[in-house]
Amino acid sequence: MKPGYEQIYKRPETLLPKRMHYCPGCFHSTIHKIIMEIVEEWDIQDKVIGVCPVGCSVFAYDYLDIDMQEAAHGRAAAVATGIKRMLPDKIVFSYQGDGDLAAIGTAETIHACNRGENFTFIFINNGIYGMTGGQMAPTTLEGQKTTTSPYGREPATTGMPIKMSELVSQLISVAYVERVSCNTPANTRKAKRAIEKAFKIQMKGLGTTFIEVVSNCPSNWKCTPEESLEWIKEKALPYFPLGVFKEPAKEEVE
Amino acid sequence: MLQEMIFAGFGGQGVLSMGTLLAYAAMKEGKEVSWMPSYGPEMRGGTANCMVNISDEPISSPIVSEYDVAVVLNQPSLKKFESRVKKDGILIWESTHIKEPPTRKDITVIPLPAVEKATNDLKNVKVMNMLLLGALVKLKNTVKKESLMIALKDTLPRRHHHLIPLNEQAINLGMSLV
Amino acid sequence: MAETRFMKGNEALGEAAIRAGLQGYFGYPITPQSEVVEYLALQEPNHNYVLIQAESELAAVNMVYGAAAAGARVMTTTSSPGFSLMQEGISYIACSELPCVFANIVRGGPGLGTIQPSQSDYFQATKGGGHGDYHLIVLGPNSVQETVDHIYLAFELADKYRSPVMLLSDGAIGQMMEKVVLPDPIEYKPDKPWATTGKTPDRERNIITSLFIQAEIMEQRNLKLQEKFKKITENEVRYEEYKLDDVEYIIVSFGLCSRISKKVVDQARESGIKMGLFRPITLWPFPTKPIEELASINSVKCFISVEMNAGQMVEDVKLSVNGKKPVYFYGRTGGIVPTPDEIINHIKENLL
């Protein structure tokens, strides 16, 4: 580095130097990065175990340089439960999409939360099934077009988008629930702080931690990455408001 | 010597515990034992039964079609199992409640008014099953009485240990009636 | 500290697992298996294992997946409908090569069926059960004692082959009480360098997955599994022979049925019929060779597979006999246990 220059940004070394398979503009790569920044900054590579879902991030273990397990579709919460109960001193997280966490795996999600399983859900909510080619998700917005709701989601027959953060925050054993996004640099920083806080609460053993990230899918939303940011701001966030739904008292966390 | 037995009656009459006690006592005497209950919906208010096999050799089938001894405590069980007692076998039946007696002539039939005796002589109808067990043990020499007492002590929860003397009385009474 | 007790099959199963070094149990109540969960729940404060009553068998099997991949000695137990629900997870576990133990206390099916004992899950247990090409090592205990012994063996084989192992038991063995000698407890020290326990600087990261999206790589994984199954087939076949010298009629039966068949053999011998029993103890790998050898004996007239189902193991018997001798079947379904008398009558009326 030239004298007088200071490196203020770099790829964390815990994020393997590979070209990711994610589409341009997709938040997955951003979220992977902020998780791995925390792992590097906290020097906890030997303490973290992650669980991959089925969905676009099924290959997350290709990029994250930590021990990982691949779960069956929807079962990440049960798998994470098994890991954390056997290795209570480790930091365990599941990384799940909306189809995984809020459709096929709803029972596992709710019951892991209800038991207060002491791991962190990182819930990527982009309102669509990405990997299988853009089908309707439980979180698809009213009127939103997908390949299985080609005329727009019809609440009369498909219900309204499920609000998981609001739902799980009702459960007594859940310690911390926050909804974040990565649609602006400021929000990305907030997202990182939320995951840090979740890990901290997990290390304290205070209960289930649940971070929902309102995310995007330019490819299946059939728009540009910029337009996807606009969609999040205009359509998604009014229905899925950002913020903390539940948290422990400050003195408990510190 | 292999003895194949069945205990049958209503759920709650203590047929399963009779079988358990006998099998446990036999095990304590070094015998091979198996205890096979009827389980499931039958347990809930209907009939219950258990098959008990006791032998000096390892037991092949825990489920058999015919019995050396049947102890029956209600009419449906008598109807079901009378025909399944082996020729020259023993059928002990509770004669206070069962109104239609068995009819076979090729087996030894022992009527025992266990309910009446337990109610009148021991003031506790619940131990009528022990009366029947006492009678069985007397007739078949399956186990020693002392072994039954050990079985009672080992299998009854501690909080019920004060009932052991009453159970012993019932066993003695049963033994004296046959 | 081996000790003799008078125990129910299901409770003995739980006790055996504790003594074999159980670290995690994940289960869901279902008749006629629930006593296993209940027993383990009762004993939990005295031991170091984790017990979770899961929200479903689906969740239970995936907790097993996570815990086994974290390196622990883990088990789940269920009965038929629950075992069907677990098939998804078992397929993933088989492909990811995770050591763990299953017990299916079989009840009569199909559907919700009955809660009475049955052997109608033989196909499901021995032919894979879930999707894809795989086998579990399947043990068929026929007594409370063997249930205990097989739990020890199952954990040992699971670790030896990095493979799921199951006990195919049934409601009767689960519910009956017998004398049982409980072996000494094991102090279990897992040695699983592949487990996800947190990446340390001295090794590459460990990944547990059953996803190999390129066909060529997936084929390699399959070949590796097949190689393992071959090794298991060569080394782990177990069976019992009863009165097979000079035999003419061979009953083949497993589990509870083999106990009943033993009595049939004794009764037949008393009336001068040269009958014997061949009992597969490992249902997978199936004892094909010993049966084939028996079929080659001149004096042997036929085989009769006796099962508590509509005829499942009989297919493996036929494959083993390979046309050398006739193979017949007798069975009862729906939770009905055949009695020795009806079996012997059937044989006398139809086969002699």
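1. Chains A and C are joined through strands. Strand β2 (residues 67-70) of chain A runs parallel to β9(C), and two bridges link them. Within this pairing, Met68(A) stands opposite Ile207(C) in β9(C). Strands count as paired if DSSP finds at least two bridges between them. Helices (H or I, at least four residues) and strands (E, at least two) are DSSP runs, numbered from the N terminus.

2. A word on the basis. This is a predicted model: local features need pLDDT of at least 70, side-chain atom pairs count only at pLDDT 80 or more, and totals for chains, interfaces and linings use all residues. Residues are numbered from 1 along each chain as its sequence is written, while chains are lettered from A and ligands numbered from 1 in the order in which they are written.

3. The A–C interface. Here 32 residues of chain C are in contact with 29 residues of chain A. Contact is taken as C-beta atoms, placed from the backbone, within 7 Å. On the chain C side, β2 (24-27), β3 (50-53), α3 (57-69), α4 (80-96) and β9 (207-208) each give two or more residues. The largest share is that of α3(C), with eight residues. By class, the side of chain C that touches chain A holds 15 nonpolar, 13 polar and four charged residues. For these classes, Ala, Val, Leu, Ile, Met, Phe, Trp, Tyr, Cys and Pro are nonpolar, Asp, Glu, Lys and Arg are charged, and the others, Gly among them, are polar.

4. The B–C interface. Chain B puts 18 residues into the contact and chain C puts in 20. On the chain B side, α1 (15-28) and β2 (32-37) are the elements that give two or more residues. Of these, β2(B) has the largest share, six residues. The side of chain B that touches chain C divides into eleven nonpolar, six polar and one charged. Strands pair here as well: two bridges join β2(B) to strand β8 (residues 177-182) of chain C, and the two run antiparallel. Trp35(B) faces Met177(C) in β8(C) as its opposite residue.

5. Overall chain arrangement. Two pairs of chains are in contact, and chains A and C share the most contacts. Chains A and B have no contact; their closest C-alpha atoms lie 29 Å apart.

6. Domains of chain C. Chain C is divided into domain 1 (3-235) and domain 2 (239-350). The bounds come from an automatic or database domain assignment. Taken over C-alpha atoms, the domain centres are separated by 28 Å. The contact takes 27 residues from domain 1 of chain C and 21 from domain 2 of chain C. On the domain 1 side, at least two residues each come from α5 (122-126), β6 (137-139), β7 (164-170), α7 (171-175) and α8 (215-235) of chain C. The largest share, four residues, belongs to α5(C). That side has 13 nonpolar, twelve polar and two charged residues.

7. Buried means 20 or more other C-beta atoms within 10 Å of the residue's own, exposed means 12 or fewer, and partly exposed lies in between, with C-beta atoms placed from the backbone. β11(C) pairs in the parallel sense with strand β12 (residues 275-280) of chain C over four bridges; Ile250(C) stands opposite Gly276(C) there. Four bridges also join β11(C) to strand β14 (residues 302-307) of chain C, again parallel. The partner of Val252(C) in β14(C) is Ser305(C).

8. Backbone points to check. Most residues other than glycine have a negative phi, and most peptide bonds are trans. The peptide bond from Gly109(C) to Pro110(C) is cis, with omega near 0 degrees. Pro110(C) lies in the loop between β5 (100-106) and α5 of chain C. The bond from Trp284(C) to Pro285(C) is cis, with omega near 0 degrees. Pro285(C) is in the loop between β13 (282-284) and α10 (288-295) of chain C.

9. Positive phi. Asn141(B), not a glycine, has a positive phi of about 50 degrees. Its loop runs between α4 (128-140) and α5 (145-155) of chain B. Asn141(B) is exposed, with 10 other C-beta atoms within 10 Å. Asn322(C) has a positive phi of about 55 degrees. Asn322(C) is partly exposed, with 13 other C-beta atoms within 10 Å.
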